[in-house]
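My notes follow the display.

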Amino acid sequence: MADAPPVPRPAGMTARSLLPPAALYGFVLLLVLVFALSYAAGSAAGPVAPGMHGTSGSGGGGGGGDDPSGTGGGMEDMPGMQHGSGE
């Protein structure tokens with residue numbers, strides 16, 4: 001049995017043309033560099049609001065201590081707003 005003849009490649013088709021362009025590598029490298037610098041600057045600056053600690057209810061946040069849920073607002077000062085009343 002004879003071997004099949006090799007399939008001719010189109011003109012200009014090489015292994016190099018299957019790789020992404022060099023500009024894409026440069027863009028990805030630049031993107032990684034920008035994110036790394038941004039992370040470093042954020043780490044150096046520290047927390048934005050040191051008094052805020054999630055939604056535990058014990059932190060600051062301007063709630064005045066009246067709201068135990070830690071969300072900073074309530075429905076008691078909004079007349080006519082009955083949450084879940086079905087009206």
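Accessible areas here come from the Shrake-Rupley method with a 1.4 Å probe. I am working from a predicted model. On that basis I read that the protein exposes about 8000 Å², and that carbon and sulfur atoms supply 66% of this area.

Next I checked burial. Buried residues make up 1% of the 87 residues in the protein.

I then looked up secondary structure and found 1 helix and 0 strands. Helix 1 covers residues 22-45, which is 24 residues. From its first C-alpha to its last it reaches 35 Å, close to the 34 Å expected at 1.5 Å a residue. Just after helix 1, I noted Gly46 with a positive phi of about 85 degrees.

Which residues make the nonpolar surface patch? I listed Leu24, Phe27, Val28, Leu31, Val32 and Phe35, with a patch area of about 580 Å². An α-helix has 3.6 residues a turn, so residues three or four places apart point the same way.

I looked at one patch member separately. Leu31 sits in helix 1. Its relative accessible area is 38%, so I logged Leu31 as partly exposed.

Note on methods:
Residues numbered from 1 in each chain as written. Predicted model: local features only at pLDDT ≥ 70, side-chain atom pairs only at ≥ 80, totals over all residues. Heavy atoms only, no water. Helix = DSSP H or I, 4+ residues; strand = E, 2+ residues; numbered from the N terminus. Buried < 20%, exposed > 50% of the residue type's maximum accessible area, 1.4 Å probe, protein only. Expected span 1.5 Å × (residues − 1). Patch = residues over 30% accessible without salt bridge, like charges linked within 9 Å, V, L, I, M, F, W, Y side chains within 5 Å. Salt bridge = Lys/Arg side-chain N within 4 Å of Asp/Glu carboxyl O.
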